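Please look over the sequence and the structure shown below before reading on. The report that follows takes up aromatic rings, a core, a strand and a pocket in turn.

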Amino acid sequence: MLSQNRSKCKSSITFTNTISIILLLQTVIVSADFNELFEADWAPDHIVAQGDRISLSLDSSTGCGFESKKKYLFGKASAELKLVQGDSAGTVTAYYMSSQGPNHDELDFEFLGNVSGEPYIVQTNLYINGTGDREQRHYLWFDPTLDFHTYSFLWNRRSILFLVDDIPIREYANKERKGMPYPRKQAMGIYGSLWNADDWATQGGRVKTNWTNAPFVVTFNSLEIDACAFLSDKADDVDAVAKCGKSGQFWWDKPVVKEEHKRRRKQLKWVRDNFLVYDYCRDVGRFPQGLPKECHG
């Protein structure tokens with residue numbers, strides 16, 4: 001995902017914050033004021049807040065994006081989205097988490113528009129220490145333009161789950177013991193954006209954006225964060241990383257979450273069997289020198 005195209009919307013935010021390594025303080029913020037927790041990253045005139053809904057628009061001049069004012073390490077972040085209706089070919093709606101710099105970590109939901117009557121494709125991706133190329137693509141089991149649906153990241157020291165309406169569509173497990181990288185040392189901001197990517201987004205770039213349909217509009221109805229918030233401005237602050245990564249102090253590290261994760265594996269298999277249309281771990285032609293290490297178990 002292009003780093004300049006980042007954004008995000010919010011309606012109610014719940015985030016978990018630590019005052020020290022010993023004392024855990026949970027803070028809940030419920031606010032309809034977008035500006036308290038987020039700021040426009042680009043094209044603020046294309047962002048409209050109406051109560052607890054935030055609309056992003058794209059026209060031939062620009063898309064738009066915004067970002068959270070805080071960064072987070074581990075936890076759950078969720079957003080309700082209603083995607084661009086009709087002919088959305090060439091457009092990309094993004095909801096993602098990212099740190100900064102050439103060696104950044106990033107977790108992506110990218111919704112690839114399509115011509116009228118054709119389904120959206122949801123592309124997920126991970127960047128770890130600046131390296132991506134971990135795409136999976138899925139169809140959805142509903143029309144994401146007709147109503148709001150919830151898209152979430154559940155990120156802890158063991159794994160990352162990408163969830164749609166609380167059903168996992170992808171898991172990335174921590175395999176550091178086998179020498180494979182895992183994002184656990186950089187806090188990430190939370191973003192959302194709407195932008196033109198007709199050089200690749202729809203049918204490999206063969207179908208271009210039809211600007212007579214502009215403006216294209218996507219709506220975020222709600223965003224919730226229940227995560228360890230960094231008080232430091234440094235995404236790799238050693239003390240803050242130790243605080244957020246301390247074993248057992250947050251709900252997402254509790255045994256009950258691990259047991260729930262086992263149940264979700266059946267749901268994950270159902271999604272893979274019925275809706276997965278591309279997996280980088282199966283694309284032998286793309287990696288002539290061999291598939292990435294994490295694809296081997």
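## Aromatic pairs

The count of aromatic pairs comes to 19, where rings of Phe, Tyr and Trp (its six-membered ring) pair if their centres lie within 6.5 Å, and planes under 30 degrees apart count as stacked, over 60 as edge-to-face and the rest as tilted. The rings of phenylalanine 109 and phenylalanine 153 have planes at 45 degrees and centres 5.1 Å apart, so this pair is tilted. Because phenylalanine 109 lies in strand E9 (residues 106–112) and phenylalanine 153 in strand E12 (residues 149–155), the pair ties together parts that are 44 residues apart in sequence; strands (E, at least two residues) are DSSP runs, numbered from the N terminus. The rings of phenylalanine 153 and phenylalanine 162 have their centres 5.5 Å apart and their planes at 75 degrees, so that pair is edge-to-face.

This is a predicted model, in which local features need pLDDT of at least 70 and side-chain atom pairs count only at pLDDT 80 or more, while totals for chains, interfaces and linings use all residues. Residues are numbered from 1 along each chain as its sequence is written, and side-chain values use heavy atoms, with hydrogens and water left out.

## The aromatic cluster and its surroundings

One aromatic cluster is formed by Tyr95, Phe109, Phe111, Tyr151, Phe153 and Phe162. Phenylalanine 109 has 0% relative accessibility and counts as buried, a term that means under 20% relative accessible area (1.4 Å probe, protein chains only). Phenylalanine 153 and phenylalanine 162 are buried as well. Over the face of phenylalanine 162 lies arginine 170, at 5.7 Å from the ring centre; a charge sits over a ring if NZ of Lys or CZ of Arg is within 6 Å of the ring centre and within 35 degrees of the ring normal.

## The nonpolar core

The largest nonpolar core has 76 residues, of which Leu56, Tyr95, Phe109 and Tyr151 touch the most other members. Such a core is a set of buried Ala, Val, Leu, Ile, Met, Phe, Trp, Tyr and Cys residues joined through side-chain atoms within 4.5 Å.

In E9, 7 of the 7 residues are buried, so the strand is largely enclosed by the rest of the structure. Both of its faces are covered, with Glu106, Asp108, Glu110 and Leu112 buried on one side and Leu107, Phe109 and Phe111 buried on the other.

Strand E8 (residues 91–98) runs antiparallel to E9 and is joined to it by 7 bridges, two strands being paired if DSSP finds at least two bridges between them. Methionine 97 has leucine 107 in E9 as its bridge partner. E9 is also joined by 7 bridges to strand E10 (residues 121–127), again antiparallel, and there phenylalanine 109 stands opposite threonine 124.

## The largest pocket

The lining of the largest pocket has 15 residues, and Gln136, Glu171, Lys175, Arg272 and Glu294 lie nearest the pocket centre. On a 1 Å grid over the protein atoms alone, a pocket is an open set of points where a 1.4 Å probe fits, with protein on both sides within 12 Å along at least five of seven lines, and lining residues have an atom within 4 Å of a point. The largest share of this lining, 4 residues, comes from E14.

Methionine 180, found in the loop between E14 and strand E15 (189–196), is buried with a relative accessible area of 8%. The C-alpha atoms of methionine 180 and glutamate 294 are separated by 6.4 Å, although the two residues are 114 residues apart along the chain.

How values were computed:
Buried < 20%, exposed > 50% of the residue type's maximum accessible area, 1.4 Å probe, protein only.
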